[in-house]
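Here are some notes to read alongside the model. Have it open while you go through the points.

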Amino acid sequence: MLESRPDTMERITNEEQANAYIQDQIAKMQAQIGDKKVLLALSGGVDSSVVAALLIKAVGQQLVCVHVNHGLLRKGEPEQVIEVFGKELGANLVYVDATDRFLDKLAGVTDPEQKRKIIGGEFIEVFAEEARKLDGIEFLAQGTIWPDILESDAGIKAHHNAGGLPEDMNFELVEPVRILFKDEVRVVGKALGLPDNMVYRQPFPGPGLGVRCPGAITRDRLEAVRESDAILREEFAKNGLEGKVWQYFTVVPDFKSTGVKDGKRTFDWPCIIRAINTTDVMEVTVEHLSDELIDHLVNRIITEVPGINRVLFDYTPKPPATVEYE
Ligand code: XMP
């Protein structure tokens with residue numbers, strides 16, 4: 001049942017091609033799923049959002065979307081998933097706010113790989129718990145895309161979206177964007193009417209803001225990451241950089257420095273801005289911002305984000321620096 005991309009398949013670049021693809025996948029999914037139920041972990045990222053929108057068209061209420069908020073999402077993300085899928089598209093959406101559960105497990109954990117393991121493991125656990133509450137699910141939908149298949153075939157990346165679910169959870173996979181490249185997923189998402197800030201969203205790592213709050217995550221420093229990231233995204237959108245710069249975010253490291261505010265000494269964190277461009281994320285160059293934009297960002301972040309008294313810009317390419325700080 002798992003499709004391979006035909007060698008002759010034309011790259012999907014326009015709405016007409018996207019609509020033809022959508023109709024074709026709807027027919028395939030309806031034939032595969034029949035009157036059974038399908039489960040989807042809906043993160044709000046491009047791939048899972050497009051999969052959700054396709055499945056809603058194909059099987060409507062037979063799709064159950066589970067959105068797990070691990071507390072490490074960007075500002076406004078869970079709200080947008082609820083608005084777009086729960087309200088506008090009328091999806092059968094289960095929203096789980098597991099913030100406390102994740103942050104309690106992460107408390108005091110400083111090792112980056114350990115943090116990733118906890119976040120990944122807890123995610124599977126929460127998702128499996130929700131799946132067990134539902135009756136009669138036979139299918140699991142996934143946002144696997146064609147580069148995932150190519151990379152796992154080449155041994156570069158173990159592709160295991162379904163990996164990690166307990167063995168007794170034996171679902172048949174539904175992968176309606178499996179044969180698409182990322183740019184094609186976006187064209188299809190646009191044709192499905194998903195909002196631009198979902199369709200053209202920059203990459204966001206699974207462990208979320210957790211890896212941008214280096215060392216042991218605390219709620220106050222995590223909030224500083226979330227608020228500064230929201231300001232950066234807002235300013236990039238206003239200045240025409242959204243969808244143009246490949247990835248941009250803020251990091252709030254776990255050290256403090258002296259400052260002065262309203263004539264009083266402060267001892268607060270710095271906020272680091274990272275903005276990069278790349279094609280394959282193996283090599284990365286830095287996006288140079290205008291002096292005006294930098295000044296404006298510094299001013300907004302130091303005045304609007306509690307706990308920040310200094311803003312730094314990271315001019316380091318990859319190599320030697322990775323994109324993320326952990
Ligand atoms: P690095 O930091 O390795 O990042 O230069 C390259 C790209 O991968 C993303 N990244 C991750 N994505 N889980 C993910 O899903 C992760 O643990 C993870 N770590 C890094 C990063 O955001 C960048 O786009």
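**Notes on the predicted model**

1. The C-alpha centres of domain 1 and domain 2 are 28 Å apart. Domain 1 covers 15-199 and domain 2 covers 208-313, with bounds that come from an automatic or database domain assignment. Before going on, two housekeeping remarks. Residues are numbered from 1 along each chain as its sequence is written. This is a predicted model, where local features need pLDDT of at least 70, side-chain atom pairs count only at pLDDT 80 or more, and totals for chains, interfaces and linings use all residues.

2. How do the domains meet? Domain 1 gives 13 residues to the contact and domain 2 gives 12 residues; two residues are in contact if their C-beta atoms, placed from the backbone, lie within 7 Å. On the side of domain 1 that touches domain 2, the elements giving two or more residues are α4 (99-106) and α5 (112-133). Helices (H or I, at least four residues) and strands (E, at least two) are DSSP runs, numbered from the N terminus. The largest share of that side of domain 1, 3 residues, is from α5. By type, the side of domain 1 that touches domain 2 has 7 nonpolar, 3 polar and 3 charged residues. Here Ala, Val, Leu, Ile, Met, Phe, Trp, Tyr, Cys and Pro count as nonpolar, Asp, Glu, Lys and Arg as charged, and the others, Gly among them, as polar.

3. Now α5 itself. Which residues of α5 are buried? They are K115, I119 and F127, where buried means 20 or more other C-beta atoms within 10 Å of a residue's own, exposed means 12 or fewer, and partly exposed is in between, with C-beta atoms placed from the backbone. Seen down the axis, the buried residues of α5 fall within an arc of 90 degrees, so they line one face of the helix; the arc is that of the directions from the helix axis to the C-beta atoms. E113, Q114, G121 and R132 are exposed on the other side of α5. The cover over the buried residues of α5 includes β1, β2 and α4.

4. G120 also sits in helix α5. It counts as partly exposed because it has 15 C-beta neighbours inside 10 Å. Between G120 and D295, which are 175 residues apart along the chain, the C-alpha separation is 37 Å.

5. On to α1, which has 19 residues and reaches 26 Å from its first C-alpha to its last, close to the 27 Å expected at 1.5 Å a residue. A18, Y21, I22, Q25, M29 and I33 are buried in α1. These cover an arc of only 105 degrees around the axis, which puts them on the same side of α1. The exposed residues on the other side of α1 are E16, A20, Q23, D24, A27 and A31. The buried residues of α1 pack against β1, α2, β4, β5 (172-174) and α7. Just after α1, G34 has a positive phi of about 60 degrees.

6. The largest nonpolar core has 46 residues, and V38, L40, A52, L55, C65 and V188 have the most contacts inside it. Such a core is a set of buried Ala, Val, Leu, Ile, Met, Phe, Trp, Tyr and Cys residues joined through C-beta atoms within 7 Å. The largest share of this core, 10 residues, comes from α2. A second, separate core of 25 residues includes L209, F236, V305 and I308.

7. Some backbone spots to check. D262, in the loop between β7 (257-261) and β8 (264-278), has a positive phi of about 50 degrees although it is not a glycine. D262 counts as exposed, because it has 5 C-beta neighbours inside 10 Å. V281, found in the loop between β8 and β9 (284-286), has a positive phi near 55 degrees. The peptide bond from K318 to P319 is cis, with omega near -10 degrees, and another cis bond joins P319 and P320, with omega about 10 degrees.

Key: Expected span 1.5 Å × (residues − 1).
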